[in-house]
Amino acid sequence: MWERGRLPRKPRPSPILVPPPPPSPPPPPRLLAFLLLPRSLLARAMPPRRPSPLLLLLLALALASLFLLLSPSAPSASHLSSSLAAAVSTPASASPPAPVKIYMYELPVRFTYGVVRSYMAARAATAGSAAAVPDEELRYPGHQHSAEWWLFRDLRRRGPRDRPVARVDDPADADLFYVPFFSSLSLVVNPIRPNASGGAAAEPAYSDESTQEELLEWLERQPYWRRHRGRDHVFICQDPNALYRVVDRISNAVLLVSDFGRLRSEQASLVKDVILPYSHRINSFRGDLGVDSRPSLLFFMGNRYRKEGGKVRDTLFQVLENEADVIIKHGAQSRESRRMATRGMHSSKFCLHPAGDTPSACRLFDALVSLCVPVIVSDYVELPFEDVIDYSNISIFVETSKAVQPGFLTSVLRGISSERILEYQREIKKVKHYFEYEDPNGPVNEIWRQVSLKAPLIKLLINRDKRIVERDTNGTDCSCICSTPKQLLSK
């Protein structure tokens with residue numbers, strides 16, 4: 001675009017960049033003999049002229065290459081390039097970054113071990129033993145949302161020294177503050193069942209909503225919470241409904257979640273929050289890579305009827321249940337269901353991962369630890385640790401609108417060669433430890449690394465808040481990237 005009546009400026013020519021010459025091959029015998037001629041003969045053979053700087057540079061490089069090639073102990077070109085890259089990128093005084101200092105609140109016991117005891121007391125089989133077990137010997141009931149237990153125990157024992165965060169005892173020294181409330185377990189403390197007389201369920205003795213309110217009341221009395229309105233605090237709320245009662249009051253904080261299915265864009269985003277993997281519920285596959293040992297093409301076992309985005313499951317059942325080499329079953333969570341799912345995933349090439357009530361589900365991580373290539377049919381899914389894991393190398397993504405077309409999914413999967421399936425399995429095996437909470441180098445360490453990466457942003461926002469006198473709370477805050485999918489924003 002230019003002003004009316006004026007001709008556009010002629011574009012300025014770009015400078016010509018001369019690429020460095022490639023490594024010179026060993027000179028042929030004639031060239032070598034020419035270079036070894038006496039200086040007097042060289043003067044006769046070459047007319048006298050003033051060489052250009054570029055020519056001198058090229059000649060120097062050629063002579064250096066010749067010297068290296070003729071040397072009997074000369075290193076290879078790849079070794080030289082890697083050594084040079086290491087010398088340039090790693091200074092002699094370089095050291096790993098200092099861990100981010102994190103303070104874990106000593107919450108009243110009712111928010112931690114008390115939640116476990118309440119869960120045990122609400123179930124007849126464990127009610128008598130709930131009070132007898134010491135705190136340190138309690139075990140977390142359940143698997144899917146056990147990340148809150150793993151993180152709590154890791155900070156309690158302070159973990160290894162060479163990790164991204166270090167627990168400190170003085171809150172004045174802390175960069176971040178961890179709130180170890182077992183929010184996902186609190187959500188399911190009371191079993192949903194009728195009372196002994198067969199009538200309506202009795203009023204529960206434990207209230208998750210009241211516990212959430214009490215937690216925030218306790219936190220709001222703490223000086224380090226009031227200092228920055230919780231900006232430097234970390235909560236885990238892995239179940240999509242965990243902390244739903246108070247989520248608006250903690251939206252400044254770092255939230256550790258499994259997806260954003262139940263969260264609005266002003267409550268959570270990829271910028272400030274961390275996506276966690278569910279804990280796998282079936283046993284990891286310990287066998288060798290292979291295709292012949294996996295006779296089934298595609299496997300899925302889970303609840304057929306879900307809400308919201310998970311409604312696609314019923315359609316997928318209708319499309320796939322009569323396909324050859326496809327096992328798709330409706331089943332609720334139970335020990336027998338887990339045994340059947342383990343056998344099915346360990347003997348299948350591909351494992352279906354449709355959306356649940358929210359975009360993510362635990363079956364993705366069951367499939368990965370089974371070396372069963374996930375087929376993800378969930379358009380808005382968020383995945384953990386995507387800065388270090390390229391999921392296109394370990395998963396197949398299929399748009400929901402195409403996956404529900406009869407014959408489409410199976411034709412795509414049958415067209416994938418055995419060699420390609422083995423490549424998927426090899427890549428899955430490389431990253432499988434990121435999804436095994438029992439692994440010392442697994443997701444706990446990676447979660448803390450992800451949390452530590454938020455510290456500079458938190459510091460920036462804290463300093464920014466100090467200078468902003470008034471802000472329009474009805475508008476969009478540009479300091480946060482919206483987590484709502486673009487497709488939804490355009491509607």
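A residue counts as buried when its relative accessible area is under 20%, as exposed when that area is over 50%, and as partly exposed in between.

Confidence in the prediction comes next. Across the protein chain the pLDDT averages 80, and 71% of the residues score at least 70. Two stretches deserve a careful eye. Over residues 67-93 the pLDDT stays under 50, and the model gives this stretch seven contacts beyond four places in sequence. Residues 478-491 also have a pLDDT below 50, with 17 contacts in the model beyond near neighbours in sequence.

In the whole structure, 28 salt bridges were found. One of them pairs the side chains of Glu-213 and Arg-249, at 2.9 Å from N to O. Glu-213 sits in helix H8 (residues 208-219), while Arg-249 is in the loop between strand S4 (233-236) and S5, so this pair ties together parts that are 36 residues apart in sequence.

Another salt bridge joins the side chains of Arg-286 and Glu-436, at 3.9 Å from N to O. Arg-286 belongs to the loop between S6 and strand S7 (296-302), and Glu-436 to the loop between helix H15 (418-431) and helix H16 (443-453), so the pair connects parts that lie 150 residues apart in sequence. Are the two partners buried or exposed? Arg-286 has a relative accessibility of 63% and therefore counts as exposed, whereas Glu-436, at 6%, counts as buried.

Glu-323 and Arg-414 form a further salt bridge through their side chains, at 3.8 Å from N to O. Here too distant parts of the chain are linked: Glu-323 is in the loop between helix H10 (312-320) and strand S8 (326-330), Arg-414 is in helix H14 (residues 408-414), and 91 residues separate them. Glu-323 is partly exposed, with a relative accessible area of 22%, and Arg-414 is partly exposed at 42%.

Attention now turns to the cysteines. The structure holds one disulfide. A disulfide is a covalent bond between the sulfur atoms of two cysteines. In this model, Cys-351 is joined to Cys-372, with 2.1 Å from S to S. The link of Cys-351 and Cys-372 is right-handed, with 105° about the S-S bond. Cys-351 lies in strand S9 (residues 348-354) and Cys-372 in the loop between helix H12 (363-369) and strand S10 (373-377), so that the pair links distant parts of the chain, 21 residues apart. Both ends are buried: the relative accessible area of Cys-351 is 1%, and Cys-372 stands at 0%. Cys-237, at 6% relative accessibility, counts as buried, and so does Cys-362, at 3%.

Helix H6 (residues 147-157) holds Asp-154. The buried residues of H6 are Ala-147, Glu-148, Trp-149, Leu-151, Phe-152, Asp-154 and Leu-155. Asp-154 counts as buried because its relative accessibility is 6%. What does the side chain of Asp-154 make a polar contact with? The partner is the side chain of Trp-448, at 2.9 Å. Asp-154 and Val-444 are 290 residues apart in sequence, yet 7.8 Å apart in space from C-alpha to C-alpha. After H6 comes Arg-158, whose phi is positive, near 70°.

Two more residues complete the picture. Asp-273 lies in the loop between strand S5 (254-257) and strand S6 (274-275), and this residue is buried, with a relative accessible area of 3%. Its side chain makes a polar contact of 2.8 Å with the side chain of Lys-272. Leaving aside residues up to four places away in sequence, Asp-273 touches several others, among them Val-254, Phe-260, Gln-267 and Lys-454. Met-120 is found in helix H5 (residues 113-121) and counts as buried at 13% relative accessibility. The C-alpha atoms of Met-120 and Pro-141 are separated by 8.2 Å, and the two residues are 21 apart along the chain.

Key: Residues are numbered from 1 along each chain as its sequence is written. Side-chain values use heavy atoms; hydrogens and water are left out. Helices (H or I, at least four residues) and strands (E, at least two) are DSSP runs, numbered from the N terminus. Buried means under 20% relative accessible area, exposed over 50%, partly exposed in between (1.4 Å probe, protein chains only). A polar contact is a pair of N or O atoms within 3.5 Å; within protein, one must be able to donate a hydrogen and the other to accept it, and residues adjacent in sequence count only if both atoms are side-chain atoms. Contact means heavy atoms within 4.5 Å. pLDDT is the predictor's confidence in each residue, from 0 to 100. A disulfide is a pair of cysteine sulfur atoms within 2.5 Å. A salt bridge is a side-chain nitrogen of Lys or Arg within 4 Å of a carboxyl oxygen of Asp or Glu.
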